[in-house]
Amino acid sequence: MPNIELISFKLCPFVQRSVITLLEKNIPFDITYIDLDDKPDWFLTISPTGKVPLLRIDPNQILFESAVINEYLDEITPPSLHPIDPFEKAQHRAWIEVGSNLLMTSYRFTVASDQEKQDHQRVLLINLLRKLEAELTGKVFFDGKRFTLVDAAIAPVFRWIEILDRRLATGLLNEAPGLSPWSSNLLNRPSVKNSVVSDFEALYISRLIDSDSQLRFNLNT
Ligand SMILES: N[C@@H](CCC(=O)N[C@@H](CS)C(=O)NCC(=O)O)C(=O)O
């Protein structure tokens, strides 16, 4: 097994996808946190996109993009968290891309700086959640039977939504209630629980309070 270092930012949901996969596959790794508001020069030198997650392997091979990193981690540690059937595998990859859209839409919802923008992002977010719900209602894993890379890719969305619903009264999961069993199952899974630092929620809320997000006003309601 090569030495693996994951370059992370404590609040990044895309990094969480890779931590979940590393933990699911029992791959030893080191984690290095950087400040995305003040990216270190060494990071900018080795990162083509300037984004985390970034994987540094043994010691000078670099991988970036969470979905690609996860496929690599999966391939070096069989058995695979992808289906074997080529069509099913392609479908799973496509839903991982939906997961990326969900993360980006959730992000835009949380940072929207006025009510109109927030309402617009909420409609887009609920639309995506309902598409997922139509695929998933009542299941506890994406493929119904076992944990796959789709679950790793979407679990960070459920973490975000759970905090938003509980702390900021956003009521998002009520809009797609068929996703509840899947969300609860993933949020109780050790790899998902351990994919964030212990003070993740406090860090997230304090960043929100310091931002110009419209949503920060929900904190007192
Ligand atoms: N498509 C990328 C998205 C990663 C991403 O957007 N990371 C954010 C943090 S959550 C980032 O590094 N942003 C820094 C920047 O854009 O400058 C992936 O899946 O890895």
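Biologist: Let's start with the pocket. What volume does the largest pocket have?

Modeller: About 990 Å³ for the largest pocket. Keep in mind that we're looking at a predicted model.

Biologist: And which residues lie nearest its centre?

Modeller: A pocket is described by the residues lining it. Here the lining has 39 residues, and Cys12, Pro13, Phe14, Met104 and Tyr107 lie nearest the centre. Sorted by class, 21 of the lining residues are nonpolar, 8 are polar and 10 are charged.

Biologist: Which helix gives the most to that lining?

Modeller: Helix 4, with 9 residues. Several helices each supply at least two, among them helix 1 (13–24), helix 3 (66–75) and helix 6 (149–168). On the domain level, domain 1 (4–75) and domain 2 (86–220) each provide at least three lining residues.

Biologist: Now the ligand. Which residues surround the ligand?

Modeller: For this one, look for residues with a heavy atom within 4 Å. Around the ligand you'll find Cys12, Pro13 and Phe14, then Leu36 and Lys39, the run Gly50, Lys51, Val52 and Pro53, and finally Glu65 and Ser66.

Biologist: How much of the ligand's area does the protein bury?

Modeller: Compare with the ligand on its own: alone it exposes 520 Å², and the protein buries 73% of that.

Note on methods
Residues are numbered from 1 along each chain as its sequence is written. This is a predicted model: local features need pLDDT of at least 70, side-chain atom pairs count only at pLDDT 80 or more; totals for chains, interfaces and linings use all residues. Side-chain values use heavy atoms; hydrogens and water are left out. On a 1 Å grid over the protein atoms alone, a cavity is a set of points where a 1.4 Å probe fits but cannot get out, and a pocket is an open set with protein on both sides within 12 Å along at least five of seven lines; lining residues have an atom within 4 Å of a point. Grid points are joined across faces, edges and corners, and a volume is the space filled by probe spheres set on the points. Helices (H or I, at least four residues) and strands (E, at least two) are DSSP runs, numbered from the N terminus. Ala, Val, Leu, Ile, Met, Phe, Trp, Tyr, Cys and Pro count as nonpolar, Asp, Glu, Lys and Arg as charged, and the others, Gly among them, as polar. Domain bounds come from an automatic or database domain assignment. Accessible areas come from the Shrake-Rupley method with a 1.4 Å probe; for residues, only the protein chains shown count as cover.
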